[in-house]
Amino acid sequence: MSIASLIQNSPRTAFSFEVLPPLKGNGIEKVFATIDALREFDPKYINITSHRSELVYKSTENGLYRQVSEKSRPGSVAVAAAIQYKYHIPAVPHLICSGFSKQETEYALIDLNFLGITDLLVLRGDKAKHEARFTPHPEGYSHAIELERQVNRFNEGFFLDGSHMTLDRPFSYGVAGYPEKHDEAPNLETDLRHLKEKVDAGASYIVTQMFFDNSKYFDFVERCRAIGITVPIVPGLKPINAANQLTVLPKVFHVDLPEALAQALAHCDDLAAKEVGVEWCTAQARELIAKGVPSIHFYSLMATESVRRVAAAVY
Ligand code: FAD
């Protein structure tokens, strides 16, 4: 069953979360530990983030530095498979344009098909850290919708070179939406128009960027419905779990923190910030569930214990 069907057929608000592939050199145990901690809340699916290569400097024998392009978190496809086979919970790897050529994407789709993974979250991906703005791979894509089209063509049984195959299990996929607008979009209307295009291209659900004011999500859903977007819109929640997130989250994710939350965090150390974060996120989740949202997606990165406490309170 596709994720969209799983969500739609769930008798109550479904629970899902995301994990990051381990840092290069680390084992997969930490990923499994996160899942073990959250498993009791019956996750309907688990997302696995994907990461581009970044430029890093390596010291050489002669004392100079050499610039190399390296992935600090490789292995999204393999981690997705490991999760799906160990836990029998659908794994949803993120497929990104950033840093990937079309050919590399095709190889990833072939691997995923062999591994029995049929759900994806299709995204443009973040810009490289050294870049001021997103630059597409020379043989890749500028926007998520182009990647959707490659997946669609693959689903129809065509490789990039036009040769044909038989695909017994086509991919289904979701895309990202931004209640507070994507930071590069000139305005929310334009951003929503592009979101509608992504849905019309084949996305069967939307997962939102994190938000800390539920009214932003409700307004977003209303505006999506008004322009004819009918697919499920899964709210993304993150429990704040460190004092510096008061300034880091707005800077990195371009989201607002409501004044009451900002004030509550203003004089917190990390321990106190975690308490505020759990309380705030629990209140958000309670209201969203009461309004009957199909599913809540938790950004559990470095916040497994906080997500566990929120889930224990609301599920
Ligand atoms: P797009 O849909 O391509 O949109 C990007 C911008 O371009 C928007 O401003 C949009 O309005 C505009 N746009 C869209 N289509 C067009 C078009 N056809 N023509 C002109 N403009 C257009 N990043 C990662 O690197 N790895 C991850 O694993 C990851 N997971 C994420 C999960 C979720 C749920 C979310 C919300 C984000 C995630 N991100 C991840 C971050 C995401 O990749 C960035 O926010 C990225 O900047 C935009 O991705 P997108 O898929 O929304 O891009």
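Begin by selecting β5 (91–96), β6 (119–123), α5 (144–155), α6 (188–200) and β8 (205–210): each supplies at least two residues of the shell around the ligand. Helices here are DSSP runs (H or I, at least four residues), as are strands (E, at least two), and numbering starts at the N terminus. With three residues, α6 gives the most to this shell.

Before you click on, note that this is a predicted model, where local features need pLDDT of at least 70 and side-chain atom pairs count only at pLDDT 80 or more, while totals for chains, interfaces and linings use all residues. Residues are numbered from 1 along each chain as its sequence is written, and side-chain values use heavy atoms, with hydrogens and water left out.

Now show the residues around the ligand. There are 23 of them, and the closest are Ser-50, His-94, Tyr-178, Asp-191 and Lys-198; a residue is included if one of its heavy atoms lies within 4 Å.

- Ser-50: a backbone N or O atom lies 2.7 Å from a ligand nitrogen.
- Ala-144: a polar backbone atom is 3.0 Å from a ligand oxygen.
- Ala-185: a polar backbone atom is 3.4 Å from a ligand oxygen.

On its own the ligand has 970 Å² of accessible area, of which the protein covers 86% (Shrake-Rupley method, 1.4 Å probe).

Select Ala-176 next, in strand β7 (residues 172–177). Is Ala-176 buried or exposed? Ala-176 is buried, with a relative accessible area of 11%; buried means under 20% (1.4 Å probe, protein chains only). Leaving aside residues up to four places away in sequence, Ala-176 touches Val-122, Leu-123, Leu-195, Lys-198, Ile-206 and Val-207, where contact means heavy atoms within 4.5 Å.

Move on to the largest nonpolar core, with 61 residues, in which Ile-83, Leu-120 and Phe-298 touch the most other members. Such a core is a set of buried Ala, Val, Leu, Ile, Met, Phe, Trp, Tyr and Cys residues joined through side-chain atoms within 4.5 Å. Helix α3 (residues 76–87) gives this core the most, five residues.

Finish with helix α11 (residues 304–314), whose buried residues are Thr-304, Ser-306, Val-307, Val-310, Ala-311 and Val-314. Look down the axis of α11: these buried residues fall within an arc of 160 degrees, so they line one face of the helix. The arc uses directions from the helix axis to the C-beta atoms. Among the elements covering them are β1 (14–19) and α2 (29–38).

How values were computed:
Buried means under 20% relative accessible area, exposed over 50%, partly exposed in between (1.4 Å probe, protein chains only). A polar contact is a pair of N or O atoms within 3.5 Å; within protein, one must be able to donate a hydrogen and the other to accept it, and residues adjacent in sequence count only if both atoms are side-chain atoms.
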